[in-house]
Amino acid sequence: MKRIAVFPGSFDPITRGHENIVRRSAMLFDEIIVAIGNNTSKQAMFSIDRRKEWVDKTFADISNVRTEIYEGLTVEFCQKNKATFLLRGLRNGGDFEYERTIAHMNKALWNELETVLVFTDPEFASVHSTVIREIIKNKGDVSQFVPSNVSIHV
Ligand code: ADP
């Protein structure tokens, strides 16, 4: 059976932290699907198409990583794609508590789903999409926080 992992998030925008997790995990799985949640009740800063374009560009050089857009429950998206692994990144203790709760809830929804947590490399531990969006709103330069081939012009 193919080992397929889903790496879900809003990627608004993708950061070097997200990139770090996916690149380092690519050898653990046959395939990683970076799943961009199109959450209609949450207003994103960037359109779903732009977010997808940046994610595609970031992983264009890795053959077993692809990007998908999804709506609804992450567990259902995993089931549809026969993905039995949910990949998540860990920055700090706060992330840990949150991820544990989500992992237990997801496991309750689908028992075959295993959450795999990967620690970020320390230089990315403070990189948060939320903070990046604040910098963008205030016209600051975020190039050091986003993948090198992603250029964000607002
Ligand atoms: P987004 O930041 O795209 O809105 P999340 O915050 O839910 O979405 O992130 C998606 C996944 O990426 C989560 O597992 C999260 O822990 C992980 N992640 C986010 N930022 C980093 C980072 N700097 N280093 C490692 N993992 C990260």
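User: Which helices and strands each supply at least two residues of the lining of the largest pocket?
Analyst: They are β1 (4–9), α1 (16–25), α3 (74–80), β4 (85–90), α4 (93–109) and α5 (129–137). Helices (H or I, at least four residues) and strands (E, at least two) are DSSP runs, numbered from the N terminus. This is a predicted model: local features need pLDDT of at least 70, side-chain atom pairs count only at pLDDT 80 or more, and totals for chains, interfaces and linings use all residues. Residues are numbered from 1 along each chain as its sequence is written, and side-chain values use heavy atoms, with hydrogens and water left out.

User: Which of them gives the most to the lining?
Analyst: α4 does, with six residues.

User: What volume does the largest pocket have?
Analyst: About 1,300 Å³. Of the 42 residues that line this pocket, Pro8, Gly9, Ser10, Lys42 and Arg88 are the closest to its centre. On a 1 Å grid over the protein atoms alone, a pocket is an open set of points where a 1.4 Å probe fits, with protein on both sides within 12 Å along at least five of seven lines; lining residues have an atom within 4 Å of a point. Grid points are joined across faces, edges and corners, and the volume is the space filled by probe spheres set on the points.

User: How do the lining residues divide into nonpolar, polar and charged?
Analyst: There are 15 nonpolar, 18 polar and nine charged. Ala, Val, Leu, Ile, Met, Phe, Trp, Tyr, Cys and Pro count as nonpolar, Asp, Glu, Lys and Arg as charged, and the others, Gly among them, as polar.

User: On to the ligand. Which residues come nearest?
Analyst: Ser10, Phe11, Gly89, Phe124 and Val127, out of the 16 residues around the ligand. A residue is near if one of its heavy atoms lies within 4 Å.

User: What polar atoms face the ligand's oxygen and nitrogen atoms?
Analyst: An N or O atom in the side chain of His18 is 3.2 Å from a ligand oxygen. A polar side-chain atom of Ser129 lies 3.1 Å from an oxygen of the ligand. Val127 uses a backbone N or O atom, 2.9 Å from a ligand nitrogen. The protein covers 88% of the 530 Å² of accessible area that the ligand has on its own. Accessible areas come from the Shrake-Rupley method with a 1.4 Å probe.

User: Is α1 largely enclosed or open?
Analyst: Largely enclosed, because seven of its 10 residues are buried. Buried means under 20% relative accessible area, exposed over 50%, and partly exposed in between (1.4 Å probe, protein chains only). His18 is one of the buried residues of α1.

User: What happens at the start of α1?
Analyst: A side-chain oxygen of Thr15 reaches to within 3.1 Å of the backbone nitrogen of Gly17.

User: Which peptide bond is cis?
Analyst: The one from Asp12 to Pro13, with omega near 5°. Pro13 sits in the loop between β1 and α1. Most peptide bonds are trans.

User: What about Lys82 and its phi?
Analyst: Lys82 is not a glycine, yet its phi is positive, about 55°. Its place is in the loop between α3 and β4. Lys82 counts as exposed, at 63% relative accessibility.

User: And what is the phi of Lys139?
Analyst: Near 65°, also a positive value in a residue other than glycine. Lys139 is in the segment after α5.

Methods
A polar contact is a pair of N or O atoms within 3.5 Å; within protein, one must be able to donate a hydrogen and the other to accept it, and residues adjacent in sequence count only if both atoms are side-chain atoms.
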